[in-house]
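Dear colleague,

Please find the structure below, together with its sequence.

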Amino acid sequence: MITTTTENKVNNFTVRIRQHVVEKSSFGVYYLRASNMFGEKTVIVNVIKQRKSDLPRNIEVTCKITGAIVQWISSFNGGDTQNFTVITLSGHDGTSLYNDLNNKGANEIHVTYVGNLQPSVTYWFSVSAKNSHGSSSSKAISCTTVKETASSLTAVVAGSVGGSLVLVTIILIVVFFVHRRYTCIFKIGNMFIFFTTNQVVHGQFYWPWLT
């Protein structure tokens with residue numbers, strides 16, 4: 001197939017060739033030649049049929065106490081939009097976790113954090129690349145989460161105790177002000193009247209000697 005396109009540009013330009021009827025013979029190696037009065041340049045392009053994504057590569061997993069950092073490099077997307085799923089399988093009870101991540105482009109480093117893991121448990125991690133033509137999953141990599149130490153437990157307990165103390169202090173202050181009694185003195189003529197706050201009922205004074 002020979003297609004000729006004429007574009008008049010100064011420096012940067014883009015040439016788009018679209019073939020509406022695609023057959024098996026349409027795929028293969030194409031030679032794109034650009035020329036002007038000063039010379040010519042030939043570029044070789046391999047046109048392939050869309051397919052499922054290539055396998056993610058260079059998978060690395062770093063385990064923490066209750067989570068893990070998973071890193072990989074994306075590969076060719078198969079000519080279609082792709083996204084990734086990190087699959088985590090517990091070696092303790094067989095439960096699975098799934099973390100989705102959008103594609104940032106080919107040959108790019110992708111990183112995600114997998115949480116809600118248990119300490120001192122071996123997990124298996126794999127990364128799946130998926131597009132509309134199917135999915136490709138990497139080999140599973142095992143990693144054991146870090147053992148929970150006494151210092152980390154102490155920090156959790158201290159934080160809980162500190163929060164409880166603050167809450168108790170606030171409650172005591174509120175109770176103190178609510179139940180605190182105040183004495184007021186009023187003078188009517190030559191008579192002094194004393195009453196406390198608990199003698200005020202619905203905004204009216206309560207006169208005990210009048211009942």
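Are Trp 72 and Phe 84 buried or exposed? In this predicted model, both residues are buried.

These two residues came to attention through a search of the whole structure for aromatic pairs, which finds two. In general, such a pair is described by the distance of the ring centres and the angle of the planes. For Trp 72 and Phe 84, the centres are 5.5 Å apart and the planes stand at 65°, so the pair is edge-to-face. Trp 72 belongs to strand 4 (residues 68-73) and Phe 84 to strand 5 (residues 83-90), so the pair ties together parts that are 12 residues apart in sequence.

Tyr 123 and Phe 125 also form an aromatic pair, with 6.4 Å from centre to centre and 45° between the planes, and this pair is tilted. Tyr 123 and Phe 125 are both buried.

I turn next to the nonpolar core. The largest one has 16 residues, and those touching the most other members are Val 61, Val 70, Trp 72, Phe 125 and Val 127. At least two residues of this core come from each of strand 3 (57-63), strand 4, strand 5 and strand 8 (122-131). Strand 8 gives the most, namely four residues.

Apart from neighbours within four places in sequence, Val 61 is in contact with Ala 68, Ile 69, Val 70, Phe 125, Ile 141 and Cys 143.

With kind regards

Methods: Residues numbered from 1 in each chain as written. Predicted model: local features only at pLDDT ≥ 70, side-chain atom pairs only at ≥ 80, totals over all residues. Heavy atoms only, no water. Phe/Tyr/Trp six-rings, centres within 6.5 Å; stacked < 30°, edge-to-face > 60°. Buried < 20%, exposed > 50% of the residue type's maximum accessible area, 1.4 Å probe, protein only. Core = buried A, V, L, I, M, F, W, Y, C linked by side-chain atoms within 4.5 Å. Contact = heavy atoms within 4.5 Å.
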